[in-house]
Amino acid sequence: MSSKAYALYKKDLNSELRTRYAVNSLVMFIIVAISVILFSIGNEKITQSLTSGLFWVVIFFSAMSGLSRAFVAEEERGTSLTLHLIASPSTVFSGKLIFNLILVFCMNTIVAVLFSILFEAFIIRNFALFAVAFVFGNIGLAVASTIIAAIISKAGAKGTLYPVLSFPILLPLILTCVQLTLLSNQGADFEAAKFELAIVFCYDVIMLTGSYMLFDFVWKD
Amino acid sequence: MVWKIFLFVLLAFVSIAGIAFPIVPVPHAWYEFPLIPGLKENAKIIFFHVPTAWLSAVAFMMNTIYSIKYLRKKNLDDDAKSYAAAQLGIIFCVLATVTGAVWAKFAWGSFWSWDPRQTSIFALLLIYGAWFALRSSIESEEKRATLSSVYAIIAFLTVPFFVFIMPRIMSGLHPGSADDTNAGPVINFKMNGNMQLIFFLSLIGFTILYFWMWSIGYRSLILKDKINKQSIKE
């Protein structure tokens with residue numbers, strides 16, 4: 001199963017490298033979003049809590065603009081029937097999840113780097129805490145948005161529906177990650193952030209289990 | 001029929017008692033409520049605010065239960081049941097938000113302050129809204145039932161975070177929050193016996209009302225579906 005999932009991921013990666021649609025549009029989206037924020041801030045001094053909130057706002061909307069591709073593209077090209085033939089539902093989900101995970105990690109690393117360059121208040125003082133929160137947050141984001149993307153693609157690829165459906169599901173994750181980013185910017189240690197870290201970890205586990213159990217129903221018509 | 005009259009009497013008693021019973025500093029008579037410092041007269045809204053919030057959560061849970069049932073049996077009646085539950089759920093959710101906001105204005109000073117429980121009722125509203133948006137975007141009946149069931153279950157997975165975890169780690173204004181020194185919900189330490197009695201009577205009455213409305217709702221949905229199918233055949 002894992003080799004098949006890897007093959008599916010390779011297939012997605014190859015078709016992505018051929019067109020570079022997702023990567024190009026995502027990078028441009030991030031740049032546009034950050035410059036809108038910078039223009040609206042102007043010469044104001046913004047606080048640390050506002051910057052860590054804005055950090056996750058940019059991440060959320062970039063994810064919403066790019067992550068639905070994985071499944072929507074299959075439906076648009078009409079290739080989902082072929083996938084039905086060659087692989088089991090959980091394999092398909094794993095392959096898409098790996099692809100989205102890598103996309104999310106690349107995207108959020110770019111956002112983090114740009115934020116630490118462009119925002120004065122965004123200084124990561126406890127890097128280890130930030131890294132752990134970043135990894136767990138990205139996994140949760142990728143898992144939840146992959147399963148919602150699967151639902152959306154079957155619902156007829158309604159682009160506006162994707163953020164609407166994802167937001168309530170991602171809300172606990174985003175609220176906790178904003179808190180964690182703020183803590184790491186303030187230089188708090190792991191002891192102060194252990195509850196938040198536990199929440200994000202639980203969220204990842206629950207969402208991963210739930211998605212694998214429910215994907216069968218979405219995928220089989 | 002008997003239980004309908006019983007329900008009418010119960011809800012009439014709860015409404016009259018909840019609004020009209022006086023609040024006095026030291027209650028003696030059976031119909032007097034104790035004075036709760038900081039809340040005063042507006043404590044009475046608890047008889048209507050808490051049942052609506054409770055029912056919006058119950059409706060959400062029933063929506064999930066019938067979604068799971070649908071996915072197991074693929075019976076469209078279960079889909080009608082979960083739809084009827086969600087219809088009532090969004091009504092009670094709006095009522096809970098509005099009564100809560102009114103109460104917050106008089107008890108805490110502003111209509112909305114992103115207290116953890118306010119955040120979670122807002123998330124519940126969003127979930128209901130997204131669920132109905134998803135349903136309206138799908139034409140085929142079976143597909144709509146399956147996809148909305150899956151979404152309802154995934155949305156239900158986030159409930160523990162909002163209900164049990166967020167209010168305890170974020171600072172908030174509701175009883176039971178992280179920085180609350182009073183330890184425990186209001187009903188345990190500030191209500192006296194008759195206030196608790198009316199509170200629980202109100203909860204029971206509204207719950208029965210909910211189940212009655214829900215059974216009318218889903219039966220009418222199933223009938224409507226049947227009539228539609230018959231008219232297509234003819």
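Two residues are taken to be in contact if their C-beta atoms, placed from the backbone, lie within 7 Å. On this basis, in the predicted model, A:Leu161, A:Val164, A:Leu165, A:Phe167, A:Pro168 and A:Leu171 of helix 8 of chain A meet B:Ala123, B:Leu126, B:Ile127, B:Ala130, B:Ala133 and B:Leu134 of helix 4 of chain B. By class, this contact consists of 12 nonpolar residues, with no polar and no charged ones. Helix 4 of chain B spans residues 116-136, and its axis lies 9 Å from that of helix 8 of chain A, at an angle of about 150 degrees. Angles over 145 degrees count as roughly antiparallel, and helix 8 of chain A is therefore roughly antiparallel to helix 4 of chain B. The two helices cross in a left-handed sense.

The interface between the chains was then examined as a whole. It brings 24 residues of chain A into contact with 24 residues of chain B. On the side of chain A, helix 7, helix 8 (161-186) and helix 9 (190-219) each contribute at least two residues. Helix 9 of chain A gives the largest share, 9 residues. The side of chain A that touches chain B comprises 19 nonpolar, 2 polar and 3 charged residues.

Within chain A, helix 4 (residues 69-77) packs against helix 7 (residues 127-154) at an angle of about 25 degrees, and the axes are 8 Å apart. Since angles under 35 degrees count as roughly parallel, helix 4 of chain A and helix 7 of chain A are described as roughly parallel to each other. Their crossing is right-handed. Helix 4 of chain A takes part through A:Ala70, A:Phe71, A:Val72, A:Glu74 and A:Glu75, and helix 7 of chain A through A:Thr146, A:Ala149, A:Ala150, A:Ile152 and A:Ser153. The residues of this contact divide into 6 nonpolar, 2 polar and 2 charged.

A:Ile152, one of the residues in that contact, also belongs to the largest nonpolar core, which has 112 residues. A:Ile152 is among the members that touch the most other members, together with A:Ile147, A:Ile148, A:Ile151, A:Leu165, B:Ala59 and B:Tyr151. A:Leu165 is likewise one of the residues through which helix 8 of chain A meets helix 4 of chain B. Helix 7 of chain A supplies the largest share of the core, 15 residues. In soluble globular proteins, nonpolar side chains tend to be buried together.

The loop between helix 7 and helix 8 of chain A contains A:Gly156. With 14 other C-beta atoms within 10 Å, A:Gly156 is partly exposed, because a residue is classed as buried at 20 or more such atoms and as exposed at 12 or fewer. When residues up to four places away in sequence are not counted, A:Gly156 touches B:Ser137 and B:Ile138. The C-alpha atom of A:Gly156 is separated by 8.4 Å from that of A:Glu75, a residue 81 places apart along the chain. A:Glu75 is also one of the residues by which helix 4 of chain A contacts helix 7 of chain A.

Chain B contains 8 helices and 2 strands. From the N terminus on, these elements follow the order α-β-β-α-α-α-α-α-α-α. Of the 234 residues in chain B, 31% are buried. Among contacts in chain B between residues at least 6 apart in sequence, 66% join residues at least 24 apart.

Terms used:
Residues are numbered from 1 along each chain as its sequence is written. Chains are lettered from A and ligands numbered from 1 in the order in which they are written. This is a predicted model: local features need pLDDT of at least 70, side-chain atom pairs count only at pLDDT 80 or more; totals for chains, interfaces and linings use all residues. Axes are lines fitted to C-alpha atoms, for helices over the stretch in contact, and angles run from 0 to 180 degrees between N-to-C directions. Helices (H or I, at least four residues) and strands (E, at least two) are DSSP runs, numbered from the N terminus. Angles under 35 degrees count as roughly parallel, over 145 as roughly antiparallel, 65 to 115 as roughly perpendicular and the rest as oblique. A crossing is left-handed if the near helix is turned anticlockwise from the far one by less than a right angle, and right-handed if clockwise. Ala, Val, Leu, Ile, Met, Phe, Trp, Tyr, Cys and Pro count as nonpolar, Asp, Glu, Lys and Arg as charged, and the others, Gly among them, as polar. A nonpolar core is a set of buried Ala, Val, Leu, Ile, Met, Phe, Trp, Tyr and Cys residues joined through C-beta atoms within 7 Å.
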